[in-house]
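Here is a walk through one protein model, with the cut-offs spelled out along the way. Have a look at it first, then read on.

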Amino acid sequence: MTTRASTTASTAEPALAATARELGLAHYAARGVLENVLARHGATFAQQIALRAAITADAPQTPDDLAARVGESLKADPVGIRPVLDELRAKGLLVADGEHLRPTDAGRELFAAVAAEAAPISARIWGGIPAEDLAAAGRVLALVTERANAELAALNA
């Protein structure tokens, strides 16, 4: 019997189905890597997502707008995101600018530092995967996301 570990270049590698479990395991493995990097910087995953949302926003965001964006990304109640925004403000990574929140220079520097530290790790994880496989995975993940969002909307209706 040929296993993944014993497969050589001269034999075909068995297909691994992209099940919900496999997709979940990949997500949590990648998230675990990022959380490890974030921990070295004293930040959490939710804080990183909120900081990214603030930095990449096309327009200034009110706390409610930012909490809604982050809640959508994390599939979480925006009310539960407000404490994350407060944590970022307390750390000096976000600052109130009138009715809006904006990232500070320190927030942008943290975001850049995490990205720089994670980049070589990501390159090792994603490196060598054929472009056509990445394209197929992208299509599948987009479809799964679309369907899961529709199911979540129906559950919350």
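What follows covers the pocket, the hairpin and some salt bridges.

First, the ground rules: this is a predicted model, where local features need pLDDT of at least 70, side-chain atom pairs count only at pLDDT 80 or more, and totals for chains, interfaces and linings use all residues. Residues are numbered from 1 along each chain as its sequence is written, and side-chain values use heavy atoms, with hydrogens and water left out.

The largest pocket comes in at about 2,200 Å³. A pocket here is an open set of points on a 1 Å grid over the protein atoms alone, where a 1.4 Å probe fits, with protein on both sides within 12 Å along at least five of seven lines; lining residues have an atom within 4 Å of a point. The volume is the space filled by probe spheres set on those points, which are joined across faces, edges and corners. There are 49 lining residues, and Leu23, Ala26, His27, Trp126 and Leu141 are the closest to the centre. Helices H1 (20-40), H2 (45-56), H3 (63-74), H5 (105-126) and H6 (131-156) each give two or more residues to that lining; helices (H or I, at least four residues) and strands (E, at least two) are DSSP runs, numbered from the N terminus.

Next, the hairpin. Strands E1 (residues 94-97) and E2 (residues 100-103) pair in the antiparallel sense over 4 bridges, where pairing takes at least two DSSP bridges. Val95 sits opposite Arg102 in E2. Between the strands are 2 residues, and Gly98 in the turn has a positive phi of about 65°.

Now for the charges. The whole structure has 6 salt bridges, each being a side-chain nitrogen of Lys or Arg within 4 Å of a carboxyl oxygen of Asp or Glu. One of them joins Arg31 and Glu35 at 2.8 Å, N to O. These two are 4 residues apart in helix H1, so about one helical turn separates them.

Arg40 and Glu117 make another salt bridge, with their closest N and O atoms 3.1 Å apart. Because Arg40 is in helix H1 and Glu117 in helix H5, this pair ties together parts 77 residues apart in sequence. Arg40 is exposed at 54% relative accessibility, while Glu117 is partly exposed at 24% (buried is under 20% relative accessible area, exposed over 50%, partly exposed in between, with a 1.4 Å probe and protein chains only).
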